[in-house]
Structures are given as structure tokens and as C-alpha cells.
Amino acid sequence: YTVRKGLIKLYQLLPNGKQRIVRLLKPGDVVGLELLTNKTYHHMAVAMHDSELCRIPVNLLNKLQESYPVLYKQLIQRWQSCIDEADLFITLFSTGNSHSRMARLLEQMQNVENHVWGYNLTREDMGDILGISTETASRVIADFKRKGFIKEKQNKIKILDFKYLKRIAQDDR
């Protein structure tokens with residue numbers, strides 16, 4: 001599938017029954033290419049906003065490789081981009097204390113143009129991405145707001161002090 005619109009979370013269930021978000025898919029991202037090498041999906045997917053996906057049949061991909069190698073290469077590059085993002089989740093969002101993890105998440109999610117977080121992630125989703133509890137995610141966001149580093153309006157976060165977030169994000173690496 002390729003995501004045409006919206007936001008999709010991919011997650012795995014942990015042995016204790018909690019979910020761990022392993023990747024967020026945005027428009028242009030590709031998912032499910034593991035079907036080219038085996039017959040099962042590796043993650044569960046949930047649409048977090050109104051979303052549109054375009055299904056690409058596996059047999060079409062096989063024909064694409066033969067008939068349109070340039071287009072096939074572009075698709076593989078998108079797949080690699082998804083793998084790179086998964087690596088980002090592993091390295092940035094699963095190490096360090098809760099403040100540094102949250103600062104890294106906010107840095108990654110912010111929209112460079114207007115510094116507003118474009119996706120309405122719940123505190124529970126933030127915790128599931130960062131491997132922290134919902135309560136801890138809420139406390140960290142409240143702490144950042146109290147200190148004047150971010151503000152929140154209609155569930156969208158605006159970063160007010162990028163230098164502070166960058167400094168906090170670099171802690172515990």
C-alpha cells in the first residue's frame with residue numbers, strides 16, 4: 001500500500017498486552033512490502049486520522065520490476081525510507097530519559113514551515129512511541145509547557161524554544 005492521505009500507526013503487541021508504535025506512516029509512505037518476501041504482515045495498522053491508501057497488488061510489483069525498472073527502483077527507495085524511519089524510532093525514541101525522548105519526538109514531528117506539530121497524537125500514542133507511560137508523557141508535556149518551551153492549542157503543539165528542545169534531546173544519548 002501507499003499512503004495517499006492521513007496518518008497510520010503501525011504497532012506490535014508486547015507480551016504484557018501493551019502496544020508499541022513502531023512507525024507512523026504519512027502521505028507518500030509505503031507499507032506492506034514485506035509481502036514481496038513472505039506472506040504475512042509484520043505489524044498491525046490503525047488509521048489515526050481520515051486516511052486514504054492505494055493498494056498495489058504483489059503481482060503488479062513483480063511485473064513492474066520487469067517492465068519499469070526505474071519506477072520499481074523508486075518504490076524500493078521509498079521502502080528503504082520506511083526502514084530508515086523505523087531505525088529512527090529505535091535509536092531516537094527508545095533511549096534516554098523521558099524528557100530527552102519527548103524532545104526528540106517533538107523535534108521530529110514539528111513542521112519546519114510554521115513550527116506547529118501537524119499530527120494530533122494523544123498522550124497515549126506518544127507514550128507508545130517512546131516506551132513510556134501515558135502519565136509520564138502527560139507530565140513531560142506539562143513540564144515543557146510550564147517552562148514556556150512549547151504551547152498547545154487544539155491538540156497541536158507549537159515549539160517556542162528550539163534551542164532548549166535540542167539541548168534536552170541531546171541528553172542521555
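## Working through the sheet and the helix packing

In this predicted model, Leu10 has Arg23 of S3 as its bridge partner.

**Exercise 1.** Work out how strand S2 is joined to S3, and find where the two sit in their sheet.

*Solution.* Begin with the pairing: S2 covers residues 8-13 and is linked to S3 by 6 bridges, with the two strands running antiparallel. Next, write down the strand order, which is S3-S2-S4 in an open sheet of 3 strands, with antiparallel pairing. Now look for the edges: S3 (19-25) and S4 (44-47) each pair on one side only, making them the edge strands. Finally, check the twist, which averages 30 degrees from one strand to the next.

**Exercise 2.** Find which strands helix H4 touches, and at what angle its direction lies to that of S3.

*Solution.* Locate H4 at residues 123-130 and follow its packing on the sheet, where the helix touches S2 and S3. Then compare directions: H4 makes about 95 degrees with S3.

**Exercise 3.** Classify the packing of H1 against H2, then sort the residues of their contact.

*Solution.* Take the geometry to begin with: H1 (residues 58-67) and H2 (residues 69-93) pack at about 125 degrees, their axes 6 Å apart. Angles of 65 to 115 degrees count as roughly perpendicular and those over 145 as roughly antiparallel, so H1 is oblique to H2. Now list the contact: H1 supplies Leu61, Leu64, Gln65, Glu66 and Ser67, while H2 brings Pro69, Leu71, Tyr72 and Leu75. Sorting these gives 6 nonpolar, 2 polar and 1 charged.

Methods
Residues numbered from 1 in each chain as written. Predicted model: local features only at pLDDT ≥ 70, side-chain atom pairs only at ≥ 80, totals over all residues. Heavy atoms only, no water. Pairing = 2+ DSSP bridges. Helix = DSSP H or I, 4+ residues; strand = E, 2+ residues; numbered from the N terminus. Axes fitted to C-alpha atoms, helices over the stretch in contact; angles between N-to-C directions. Contact = heavy atoms within 4.5 Å. Parallel < 35°, antiparallel > 145°, perpendicular 65-115°, else oblique. Nonpolar A, V, L, I, M, F, W, Y, C, P; charged D, E, K, R; others polar.
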